[in-house]
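These are my notebook entries on how the parts of this protein are arranged. I looked up the sheets, the helix pairs and the domains in turn.

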Amino acid sequence: MTIQEIYDLALNRGMKADPRGEAGVKRYLARMQKEYEALPKEEQVYFEKTKLVDPYADSFIHFVANAKVPVKRVLAGIDIDSGEIFLADRLNEREKKIDLVIGHHPIGRALVDLAEVMDLQVEVLESYGVPTHVAENLMQERMSQVDRNIHVGNQYQVVDIARLLGVSVINTHTLTDNLVEEYLNGLVKARKPHTVGDVLKILDEQPEYQQAKREGTGPKLLFGKPSNRAGKVMTEMTGGTNPGDRMYEELSKAGVSTIVSMHLNEKSLELAKKSFMNVIISGHMSSDSLGMNLFLDELEKKGIEIVPCSGLMRASRRKK
Ligand SMILES: [Fe+2]
């Protein structure tokens with residue numbers, strides 16, 4: 001597979017698992033097309049054209065050293081920093097040829113545009129019963145906050161190093177977060193957990209959460225008791241980053257009793273607690289790993305070797 005084919009595979013899987021459904025994804029892409037066409041000609045040159053066919057602005061092909069070379073081995077990690085790019089270069093010297101580095105969290109252009117993917121959360125929140133106007137306004141507020149925070153940074157530092165060393169690099173963020181969301185949400189729907197403890201049991205069966213437990217970063221029940229009724233359970237795994245503090249109160253009002261989130265900040269936790277929600281933190285690296293693994297399994301199936309790094313808890317679900 002070439003790098004483009006690898007990215008397209010992730011894109012296809014991510015779109016199939018998108019919580020908005022196929023129609024929602026199409027609607028979003030049509031909106032992008034309209035926004036592009038509405039721009040004055042002199043501004044259109046600055047528009048990132050991949051956004052017309054790829055609804056995940058936080059995932060991107062950053063640098064390709066050779067577009068034709070078939071990829072045989074990838075270095076895959078959660079956070080790709082300068083260290084991982086140097087690691088790929090060092091492994092190349094040791095004849096463990098790395099053809100591509102695949103990161104999860106956004107860098108470069110994908111980092112710049114992270115806030116854009118958060119729009120999908122409006123539909124997710126609606127599906128849990130939050131009124132559209134509340135979901136939309138609170139999300140828009142949160143998106144501008146995330147955007148402002150990113151704007152101050154040095155977004156292309158890692159991409160610059162990759163280019164200078166000739167190391168190909170892509171990142172797949174919401175693409176694979178959609179996969180972990182679909183997977184865990186699917187398990188919750190199929191198993192219909194009665195108690196909060198039953199929800200925890202579902203997590204505990206996954207190899208990534210088992211490894212996290214061994215390493216001391218396993219799922220945690222922050223509020224509520226295992227014997228509490230689980231009620232309506234929300235898995236919150238995709239859509240860029242957390243929806244913002246005030247959303248938890250709204251989710252509670254909408255009837256969500258138990259939330260399973262990768263991570264939550266202190267203010268959100270406080271507000272979730274005030275609303276008497278049961279709060280399970282599944283764990284950040286382990287949950288990101290689960291999503292990445294579902295995609296990396298597909299690459300492995302095509303004969304590509306995966307070298308895990310940077311917090312990726314690699315576990316394969318392929319039938320041996
Ligand atoms: Fe993450």
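**Entry 1: a helix across a sheet.** I began with α10, which lies across β6 and β7 (256–261) and runs at about 165 degrees to β6. For such angles, axes are lines fitted to C-alpha atoms, for helices over the stretch in contact, and the angle runs from 0 to 180 degrees between N-to-C directions. Helices (H or I, at least four residues) and strands (E, at least two) are DSSP runs, numbered from the N terminus. I note that this is a predicted model, in which local features need pLDDT of at least 70 and side-chain atom pairs count only at pLDDT 80 or more, while totals for chains, interfaces and linings use all residues. Residues are numbered from 1 along each chain as its sequence is written.

**Entry 2: the sheet of four strands.** I recorded the strand order β5-β8-β7-β6 for an open sheet of four strands with mixed pairing. Two strands pair if DSSP finds at least two bridges between them. β5 (220–223) and β6 (232–236) are the edge strands with a single partner each, so one side of each has no neighbour in the sheet. Neighbouring strands of this sheet are turned by 25 degrees against each other on average, direction ignored. I then followed β5 to strand β8 (residues 278–281), with which β5 pairs in the antiparallel sense over three bridges. Lys220 has Ile281 of β8 as its bridge partner.

**Entry 3: the sheet of five strands.** I found a second open sheet, of five strands, in the order β1-β4-β3-β2-β9 and again with mixed pairing. From one strand to the next, the twist averages 25 degrees. Strand β2 (residues 73–77) pairs with strand β3 (residues 100–103) in the parallel sense over four bridges. Within β3, Val101 stands opposite Leu75.

**Entry 4: α1 and α10.** I returned to α10 (residues 174–191), whose axis comes within 8 Å of that of helix α1 (residues 3–16), crossing at roughly 40 degrees. The two helices are therefore oblique to each other (under 35 degrees counts as roughly parallel, over 145 as roughly antiparallel, 65 to 115 as roughly perpendicular, and the rest as oblique). Which residues of α1 and α10 make the contact? They are Ala10, Leu11, Arg13 and Gly14 of α1, with Thr174, Leu175, Thr176, Asn178 and Leu179 of α10. Residues are in contact if their C-beta atoms, placed from the backbone, lie within 7 Å.

**Entry 5: α4 and α9.** I looked up helix α4 (residues 82–93) and helix α9 (residues 157–165), which pack at about 15 degrees with their axes 9 Å apart. That makes α4 roughly parallel to α9. Ser82, Ile85 and Asp89 of α4 meet Gln157, Val158, Ile161, Ala162 and Leu165 of α9.

**Entry 6: the domains.** I took the bounds from the domain assignment, which gives domain 1 (3–176 + 287–309) and domain 2 (180–283); such bounds come from an automatic or database assignment. The centres of the two domains, taken over C-alpha atoms, are separated by 25 Å. I noted 28 residues of domain 1 in contact with 24 residues of domain 2. On the domain 1 side, α6 (114–117), α7 (120–127), α8 (132–151), α10 and α15 (284–301) each supply at least two residues.

Terms used
Contact = placed C-beta atoms within 7 Å.
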